[in-house]
Amino acid sequence: MNDMQVPQFLPGEKPPKKPLKIRWQIALGFGVFILIIAVLLWVFQIAFLGAFYRTIKTSEVKNTAELIERILEDSGLDTQVRNLSNERSINIVVTDEMGTQYSAWKHSQRDCLLETMTRNDLRVLFNEVNLEGGNRLSVYSSPFAYEDGVRPDVILYVDIVRTQSGFNRMLLIESEITPVDATVETLQVQLVCVTVIMVLLGGILALFIARRISRPVAAVNEAAKELARGNYNIRFAESGSKEVSELAQTLNYAAEELSKVEGLRRELLANVSHDLRTPLTMIRGYGEVMRDLPGENTPENVQIIIDETERLTNLVNDLLDLSRLEAGVMALDVTRFNLTESIRAILHRYDKLAGYSFPFLAEEDVFVTADELKISQVVYNLVNNAITYAGEDKTVALEQTVANGKVRVSVTDTGEGIPEEKLRDIWERYYKVDREHKRAQVGTGLGLSIVKHILELHGGAYGVVSQLGEGSTFWFELPVSPALGQGNDPPK
């Protein structure tokens with residue numbers, strides 16, 4: 001059966017719309033963009049072409065008037081007016097309030113309104129425009145038709161100015177607005193061709209880009225589904241854009257970590273099962289012997305049952321401690337205590353361990369502010385781990401040093417050592433450097449993981465230095481607590 005869950009909906013509830021694939025979303029986005037561009041081209045080039053053209057001609061006429069106003073008293077006025085008339089295809093007349101013309105030019109042989117105006121007409125126009133504020137812009141249909149009978153629209157701009165010498169001058173500028181119907185028809189044909197080409201090229205480009213972007217995303221999506229099904233060996237192709245490549249790298253790292261966690265979980269179950277089964281089997285075996293065989297109810301057999309029960313208790317306690325530490329719910333009971341004396345007391349409890357020696361080098365007693373019970377647990381676990389891997393001399397050496405306001409405690413064994421590539425993983429619960437190594441009689445296999453979490457909870461540093469064939473040194477550091485009265489009195 002398919003392991004993917006089928007979503008359930010209440011009666012009458014509409015299922016959510018299925019989103020489009022990224023390929024079609026990109027293609028659709030390009031399509032909308034092309035459509036908008038085509039519409040804008042048609043609107044601005046066809047619908048508004050006449051208005052744009054009229055606005056441009058009006059601006060040109062006013063700009064010409066400003067240029068002429070600056071040269072009204074120049075000796076070369078007539079020449080410059082003629083040049084402007086020819087360059088800009090406009091008709092220009094300069095008069096005074098009495099209708100006297102100082103310059104008059106038209107750009108073609110076509111009849112125009114300005115040349116039909118008499119001196120009296122110019123005088124009347126001056127008075128009218130002067131009363132209106134000094135300028136007038138009007139658009140009218142020319143009384144003179146083209147050969148095909150079309151009468152063009154004409155812009156007439158009248159501006160009255162006063163020269164620096166105190167004379168009044170009136171500028172009349174006339175400009176035809178050429179019919180744009182033929183231009184519009186030409187543009188329509190061009191726009192049809194441009195639109196078709198743009199749609200075709202845009203469609204091809206949209207599909208190409210969509211395919212290029214969506215392919216690595218789709219590959220990551222399919223690989224992610226495999227990862228969700230529990231296939232942690234899946235690998236994501238680190239290709240495509242930078243973001244997709246970084247996503248693939250992140251998912252590859254996540255897959256590796258999940259694979260590692262899954263392996264540790266299975267190993268944890270196997271080891272816990274083994275560690276629970278062994279003492280339970282011994283307790284049951286010795287119990288049955290004591291029950292069924294006369295004379296076997298001896299203190300030695302009872303002690304074995306007690307020892308195995310203690311091992312079970314230690315395992316359960318370690319599991320509970322590790323769970324609380326990983327969940328971050330374990331509170332610290334912080335006090336100021338003598339770390340050196342605490343280590344001596346711990347080592348004193350190993351006096352009866354046959355054949356082992358525990359030399360401890362400390363130049364002075366050092367106080368720290370921490371949870372004494374938890375730090376003692378750290379020392380116990382490091383010593384137990386060293387006992388597990390001790391060499392033939394069965395020596396576990398401890399050393400306490402102080403530097404830069406911190407105390408370092410080192411625990412050294414003379415065992416086989418740890419390969420460099422495995423040093424990072426030894427702090428994981430139930431990780432074993434040698435998978436064939438038998439479980440030690442001391443410890444539960446969770447010690448180093450508990451050490452890691454307790455020290456991280458205290459903000460302390462920890463580490464390991466190991467040389468193959470020469471043994472390993474585990475160490476941790478805590479800040480030294482100043483003497484009483486120096487601002488660090490123990491909490492009451």
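Contact, in what follows, means heavy atoms within 4.5 Å. Helices (H or I, at least four residues) and strands (E, at least two) are DSSP runs, numbered from the N terminus.

This is a predicted model, where local features need pLDDT of at least 70, side-chain atom pairs count only at pLDDT 80 or more, and totals for chains, interfaces and linings use all residues. Residues are numbered from 1 along each chain as its sequence is written, and side-chain values use heavy atoms, with hydrogens and water left out.

I start with the pair H9 and H10. On the H9 side, the contact uses Lys374, Ile375, Gln377, Val378, Asn381, Leu382 and Asn385. On the H10 side, Gly447, Leu448, Ile450, Val451, Ile454, Leu455 and His458 meet them. By class that gives eight nonpolar, five polar and one charged. Here Ala, Val, Leu, Ile, Met, Phe, Trp, Tyr, Cys and Pro count as nonpolar, Asp, Glu, Lys and Arg as charged, and the others, Gly among them, as polar.

H9 covers residues 372–388 and H10 residues 447–458; they pack at about 150 degrees with axes 9 Å apart. Axes are lines fitted to C-alpha atoms, for helices over the stretch in contact, and angles run from 0 to 180 degrees between N-to-C directions. H9 and H10 are therefore roughly antiparallel. The cut-offs are under 35 degrees for roughly parallel, over 145 for roughly antiparallel, 65 to 115 for roughly perpendicular, and oblique for the rest. Their crossing is left-handed, meaning that the near helix is turned anticlockwise from the far one by less than a right angle; clockwise would be right-handed.

Next, H2 and H3. H2 (residues 49–70) and H3 (residues 77–88) pack at about 170 degrees, with axes 11 Å apart. This pair, too, is therefore roughly antiparallel, but the crossing of H2 and H3 is right-handed. H2 supplies Lys57, Glu60, Asn63, Thr64, Leu67 and Ile68, and H3 supplies Leu77, Leu84 and Arg88. In this contact there are four nonpolar, two polar and three charged residues.

Now the sheet. Which order do its strands take? The order is S2-S1-S5-S4-S3, in an open sheet of five strands with antiparallel pairing. Two strands pair if DSSP finds at least two bridges between them. S2 (101–105) and S3 (135–141) are the edge strands, each pairing on one side only. Direction ignored, neighbouring strands are turned by 10 degrees against each other on average.

S1 (residues 91–95) and S2 pair over four bridges, and Val94 stands opposite Ser103 in S2. H3 lies across S1 and S2, at about 25 degrees to S2. H4 (residues 119–131) also packs on the sheet, touching S1, S2, S3, S4 (153–162) and S5 (168–177), and its direction makes about 95 degrees with that of S5.

Further along, S11 (residues 461–467) and S12 (residues 471–479) run antiparallel, joined by seven bridges. Gly463 has Trp475 in S12 as its bridge partner. The hairpin has three residues between the strands, and Gly469 takes a positive phi near 85 degrees.

Last, two single residues. Not counting residues up to four places away in sequence, Ser342 touches Phe337, Glu372 and Ser376. Gln25, in H1 (residues 22–47), is partly exposed at 43%. Gln25 and Ala210 are 185 residues apart in sequence and 8.2 Å apart in space, C-alpha to C-alpha.

Definitions and conventions
Buried < 20%, exposed > 50% of the residue type's maximum accessible area, 1.4 Å probe, protein only.
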